[in-house]
Amino acid sequence: MDDKAGSNGGRKPETNPSPAAGPLPVIQRPLRPPSTESPSVARKPGGDPSPPAQGAQRAASTRQPPAPGPAQLSTPGAKPRPRPARRPSRAPSPTDALPTTPRTVRPDRSNAAARNVLRRLVQGEEPPTQAMSIVERLAGSPYANPTIQVGGPDASARKTLDFALSLAETMFRYGAGALEVETSIIAVTAALGLDHIEVDITNQSVVINYSAKDQTPTTVLRVVRSWTNNYAGLTAIHQLVSDIAAGGVSRIEAAQRLEQITRRPKPFPRWMVTAAFGIFGAAIVAFIGGGVFGALIGLGSCILVDLVSRQLGRWRVPEFFSVATSSAMATLIAMLFWWLEVPIAPSLVVVGGILLLLPAGRLVSATQDAINGFPVTAAGRFLSALLIFGGVVSGIAVALVFGAAIGIPDLELLAAPASPYPWPVIAVLIFIAVAMFAVTEQTDLSLVVPTALVGTAGYVLWISAINAGVGYRLAPALAAVLIGALSRIVALRMGAPQLVLAVPAVMFLYPGLAIFRAMYMLTTNTGIPSAGALGLFNAFTVILAVAGGVVLGDNLARPLTRGLGSNERRRNRRR
């Protein structure tokens, strides 16, 4: 082939196109310069074309680079002529003859918005890319947005964990709910610089795990084995946690303040608490229409019940038997006065003692824990409250059977007695009863009157709902919702948790009379046992409705209480 190329006398050799490109003419690219010569012919400066054999031989070698173009060929001593850079040649394609679209033209995006809307409608929700930070649990609590130490955790992180455990144990002993304990632990540890914290709370134990990056994890546990009535101490702890979350208290100072709170004496002495028990019973008996003699007997009965309960507590008697004994004693006292033909309604006299024994705070805390996502804690507290309720019922049943055995005549049960006093007088009685129950719970002195006012407001709504025909089952729940909402607003304004005001304020809503009537039908009147069981079920339903209403009111008032807490600030982030 080289010989034939050399014998053509300098003519341009004929090319043999490929079969695929045979029918179509070869069209040059629009960007190729028109002055570019064919790569198969190289001209010398003299004008004679040189044979292409040398270029063909160089191109035939696969291990050597391609032959230089015409712009790179020159004679010795001649100045090279600059040539524009061009792309390497390629084999022609059938699509080269088609018109090309300019690169500057953008595709039509007129329907982009419609496509995005359609994509949102048919596309599922994207999963979260990371787990929620534990500090987000503070959303909606009085400790939202705690001030975190910039320097990070100190060298003694274990001391911070021990302080958080002591704080949680004290709050549990004083009757706080699981959600309040958890938020307090998170706020304290976050403010003191521990940001890798996990908290697990059960009915009577608290577990805290601290696992910082590249460090050995630390887990601490504390079990709560005792309980006491000290709402004043719970209020002081609430203020302590608020101060820590605000960034104004160090760990050493916080530990000292906690020790002072636990060693501080309760605001009211024991004799005043006993007197408050009696006054509460007298006010409740008068509220439901028991008369003057009934109120006086209720006063003495409740004082005796408190003294007996205190003595049984010193003897380490289990709570179930202590409550059953107190309930039986209150019932027997009313039956004895009935046997002596004193003009009283024994069923109304018993109500004051029964209300004192009902686990109101435990029911509210258990309902709150169940709603807020603490099923284990709620189950334990519900079981404990149910046992106390069973102790009250058992004591009434034993007293009724014993009274019938010794010859006490059948009691007169009033279905729904009408109070002989006008509603303003009854409102005053409710104010006194709620204030006295707050004293029995060892509430701070500055919170006694606000608690009584919240309870009185709940009574006004309750009597209004009764007069409007709502019924005796729904009216207590509505009043409890109002009490729960007002308790949160007033408590946060005064630097206290909502439970401190709500529990004493709802005591008059519990159906003590319905419980006594139901047990009387079950134990003595054998003709209608089904009515007694139904009445007991209805009473327990009302108790749960009241507890649930308090929690609902607390949640409804949260949007209205932003900024009322000592360190609560507005948030822009979502939980």
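**Close-up of the salt bridge between Asp369 and Arg381 in the predicted model.** In this predicted model, the side chains of Asp369 and Arg381 form a salt bridge in which the closest N and O atoms are 3.2 Å apart.

**Close-up of the salt bridge between Glu319 and Arg362.** Glu319, in helix H10, and Arg362, in helix H12, are 43 residues apart, and their pairing links distant parts of the chain. The closest N and O atoms of this salt bridge lie 3.1 Å from one another. Glu319 is partly exposed, with a relative accessible area of 41%, and Arg362 is also counted as partly exposed, at 27% relative accessibility. Both residues are among those that lie nearest the centre of the second largest pocket.

**Close-up of the salt bridges around Asp306.** The side chains of Asp306 and Arg270 meet in a salt bridge with an N to O distance of 3.6 Å. Asp306 lies in helix H9 and Arg270 in helix H8, so this contact ties together parts of the chain that are 36 residues apart in sequence. Asp306 counts as buried at 8% relative accessibility, whereas Arg270 is partly exposed, its relative accessible area being 40%. A network of salt bridges links Arg270 and Asp306 with Arg310. Over the whole model, the count of salt bridges comes to 9.

**Close-up of the second largest pocket.** The second largest pocket holds about 1,800 Å³ of space. Its lining comprises 49 residues, and those nearest the centre are Trp227, Thr228, Asn229, Glu319 and Arg362. Among the helices that give two or more residues to this lining are H4 (157-173), H8 (270-287), H10 (319-339) and H12 (360-371), while the largest share, 7 residues, comes from H9. Sorted by class, the lining residues are 21 nonpolar, 16 polar and 12 charged. Domain 1 (135-263) and domain 2 (270-572) each supply at least three residues to the lining of this pocket.

**Close-up of helix H11.** Helix H11 spans residues 346-357 and is one of the elements that give two or more residues to the lining of the second largest pocket. From its first C-alpha to its last, this helix of 12 residues reaches 17 Å, which is close to the 16 Å expected at 1.5 Å a residue. The helix is mostly covered, with 12 of its 12 residues buried. The buried residues of H11 include Pro346, Ser347, Gly352 and Gly353, together with Leu348, Val349, Ile354 and Leu357.

**Close-up of Ala539 and Pro511.** Ala539 has its place in helix H19, which covers residues 529-556. At 2% relative accessibility, Ala539 counts as buried. Pro511 is 28 residues away from Ala539 in sequence, yet the two C-alpha atoms are 6.0 Å apart in space.

Note on methods:
Residues numbered from 1 in each chain as written. Predicted model: local features only at pLDDT ≥ 70, side-chain atom pairs only at ≥ 80, totals over all residues. Heavy atoms only, no water. 1 Å grid on protein atoms, 1.4 Å probe; cavity = no way out; pocket = protein on both sides within 12 Å on 5 of 7 lines; lining within 4 Å. Points joined across faces, edges and corners; volume = space filled by probe spheres on them. Helix = DSSP H or I, 4+ residues; strand = E, 2+ residues; numbered from the N terminus. Nonpolar A, V, L, I, M, F, W, Y, C, P; charged D, E, K, R; others polar. Domains from an automatic or database assignment. Salt bridge = Lys/Arg side-chain N within 4 Å of Asp/Glu carboxyl O. Buried < 20%, exposed > 50% of the residue type's maximum accessible area, 1.4 Å probe, protein only. Expected span 1.5 Å × (residues − 1).
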